[in-house]
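I opened this entry to record what I looked up in the model, from the overall layout down to single residues.

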Amino acid sequence: LILCDFFNQLFLLLKIHYIYANIKILKEEKMAYCFMTLEKIKTFGQCIGKYKHNYREIEVENADRTQAYLNEELVSLNGKTYKDALQDRLKELGYYSGEKKIRKNAVLGFEVVTTFSREKLNDVDIQKWKEDNVKWLKEAFNANSEKYGDNVLSVMYHGDENGNVHCHAFVVPIDDKGRLNARYYVQNRGK
């Protein structure tokens, strides 16, 4: 019961953030629905698997290879993998160097997937939608970017899945104190 309440609060919080994030798609005064999922990444193995899927280094069953040219890296990893970018990001913080270690049960990252109603595909300015996604992700997942840097390490747009365009973001949950803290983003902070 407690776990259900937690996930209901999480879903509601994320849904509210997403709805009010200026990612509104309008045509003839009808709004399309925006969808977002958030998955916790707890191991470096998961980082590797997500990277291979999102950067199409493995065969993706529902992706059309002839449409791969439509995919676009919106926030670049600069040639790194998710694992490498995550390790570099944690080193930058300084908190986890030396005696401080990452907790065994820590959430290392989030994979955030955003999409919208399929029936509105032809009505949406895809370029603006991609820009709005990146803007929202940076606003929602950067607690203190001036002091601790950008937590949104990668955003990959997939246009190669027919009728199902979407973005995959890889986010490191660094809180306003410069520490890994997934709860900061997924539980109500009283804001």
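**Layout**

I counted six helices and seven strands in the protein. Helices are DSSP runs of H or I with at least four residues, strands are runs of E with at least two, and both are numbered from the N terminus. This is a predicted model, in which local features need pLDDT of at least 70 and side-chain atom pairs count only at pLDDT 80 or more, while totals for chains, interfaces and linings use all residues. Residues are numbered from 1 along each chain as its sequence is written, and side-chain values use heavy atoms, with hydrogens and water left out.

Along the sequence I read the pattern α-β-β-β-α-β-α-β-α-α-β-β-α. I then looked up burial: 43% of the 191 residues count as buried. Buried means under 20% relative accessible area, exposed over 50%, and partly exposed in between, with a 1.4 Å probe and protein chains only. For contacts, meaning heavy atoms within 4.5 Å, I took those with a separation of 6 or more, and 72% of them join residues 24 or more positions apart.

**Cores**

I next listed the nonpolar cores, each a set of buried Ala, Val, Leu, Ile, Met, Phe, Trp, Tyr and Cys residues joined through side-chain atoms within 4.5 Å. The largest has 26 residues, and the most contacts inside it belong to Phe-110, Val-112, Trp-136, Leu-137, Phe-141, Val-155 and Val-171. Two or more residues each come from strands S3 (34-41), S5 (109-116), S6 (152-158) and S7 (166-171), and from helices H4 (126-141) and H6 (183-186). H4 gives the largest share, seven residues.

Another core, of 19 residues, lies apart from the largest one, with Leu-86, Tyr-148, Phe-170 and Val-172 among its members.

**Helix pair**

I checked how H2 (residues 44-54) packs on H3 (residues 82-93): the angle is about 130 degrees and the axes are 8 Å apart. Axes are lines fitted to C-alpha atoms, for helices over the stretch in contact, and angles run from 0 to 180 degrees between N-to-C directions. H2 is therefore oblique to H3, since under 35 degrees counts as roughly parallel, over 145 as roughly antiparallel, 65 to 115 as roughly perpendicular and the rest as oblique.

On the H2 side I noted Phe-44, Cys-47, Ile-48, Lys-50, Tyr-51 and Asn-54, which meet Tyr-82, Lys-83, Leu-86 and Gln-87 in H3.

**Cysteines**

I searched for disulfides, pairs of cysteine sulfur atoms within 2.5 Å, and found zero. Cys-47 is buried because its relative accessibility is 0%. Cys-167 is likewise buried, at a relative accessible area of 1%.

**Loop residues**

Is Asn-151 buried or exposed? I found Asn-151 buried, with a relative accessible area of 2%. Asn-151 sits in the loop between helix H5 (145-148) and S6.

Arg-56 has a phi of about 55 degrees and lies in the loop between H2 and strand S4 (72-75). Asn-78 also has a positive phi, near 55 degrees. Asn-78 is in the loop between S4 and H3, and is exposed, with a relative accessible area of 66%.
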